Amino acid sequence: MAQIIDGKLISQQIKDELKEKVAELKEEGKEICLAVIQVGNDPASTVYVGNKKKACEYIGIKSLAYEVPEETTEAELLDIIDKLNKDDNVHGILVQLPVPKHINEEKIINAISPSKDVDGFHPASVGALSIGQKGFVSCTPAGVIQLLKRSNIEISGKECVVIGRSNIVGKPMGMLLLRENGTVTICHSRTKDLKEVCKRADILVVAIGKPRMIDASYVKEGATVIDVGIHRDENNKLCGDVDYASVEPVAGAITPVPGGVGPMTIAMLMNNCVEAGLN
Ligand code: NDP
């Protein structure tokens, strides 16, 4: 039986630790503030933004909501970001992605001051991660590292295989595992013999974006399997990129979906906000 890595519990511990820190800061007269900008009213984005607001409320972080219409121009959005960059009372800025097609996402990400880039998407943040300097780290992969550490799973010296090389999950995941002294392989759609590469892994992080694709045939006996994927299956049930029923009997430890990586993303966003406030 695999150890079930409980992301719900671990994320709650992190949020409670942050709540205490935020209360201490408040006593010193400092109120941490996150500005969240949502352009348009994509239903999924509205849910994500709502969850971020709720987490801020729980921890005691002030959240400023900028809910602007779909027709907002790129220049108008850049103007909002510029004002928030200059506002000393705002510590973190987050633009909920995706933005509407008429807005250049890259321009928006680049406009956020790296010192307020709590999503960790700015090229300066990504660059800092790759050369081991201080900077914000993308929340989902940062959450995976916390799951491993707080479950006492050793990373140093381990064969770590990441499936996926996206800018927000796969690539920073690889860099973080390397920073923790793992021996890292990053796989993608052109990888030959994906199964064979995955079977080498002591720690397998799956961010492939394909429902239940990774079954037991990809997993070494006793490996730790981290499932980043989130999907709704044909029965509207949440599932991951890993076929949990097939992999759980083989794995040494595994994250469920829901209740694994998912809740960690917001917890790490809150962590980044508190760090931004301390800078
Ligand atoms: P992307 O679609 O951006 O990236 C998927 C990656 O998987 C790509 O690098 C792609 O390779 C690779 N890939 C696709 N098919 C194959 C294949 N057959 N063999 C090997 N590699 C393959 O996804 P994201 O990184 O944004 O997200 C991954 C998953 O994580 C999704 O399910 C998403 O919903 C979920 N997610 C969950 C979050 C959370 O908070 N829990 C946050 C963010 C994402 P190539 O680059 O060659 O195309």
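Let's start with Lys107, which is partly exposed, with a relative accessible area of 45%. Keep in mind as you look around that this is a predicted model. Lys107 forms a salt bridge with Glu74, and their closest N and O atoms are 2.9 Å apart. Glu74 belongs to helix H3 (residues 74–86) and Lys107 to helix H4 (residues 105–111), so this pair ties together parts that are 33 residues apart in sequence. Glu74 counts as buried, because its relative accessibility is 17% and the cut-off for buried is under 20%.

Now stay with helix H3 and find Asp82 and Lys86, which both lie in this helix, four residues apart, or about one turn. They form a salt bridge too, with the closest N and O atoms 2.9 Å apart. Asp82 is partly exposed at 31% relative accessibility, while Lys86 counts as exposed at 61%.

A further salt bridge joins Arg212 and Asp233, whose closest N and O atoms are 3.1 Å apart. Arg212 sits in the loop between strand E7 (203–206) and strand E8 (224–227), and Asp233 in the loop between strand E9 (231–232) and strand E10 (238–239), so the pair ties together parts that are 21 residues apart in sequence. Here Arg212 is partly exposed, with 32% relative accessibility, whereas Asp233 is buried at 12%. Across the whole structure, a search finds eight salt bridges.

Glu27 is part of helix H1 (residues 7–27), and its 74% relative accessibility makes it count as exposed.

Key
Residues numbered from 1 in each chain as written. Predicted model: local features only at pLDDT ≥ 70, side-chain atom pairs only at ≥ 80, totals over all residues. Heavy atoms only, no water. Helix = DSSP H or I, 4+ residues; strand = E, 2+ residues; numbered from the N terminus. Buried < 20%, exposed > 50% of the residue type's maximum accessible area, 1.4 Å probe, protein only. Salt bridge = Lys/Arg side-chain N within 4 Å of Asp/Glu carboxyl O.
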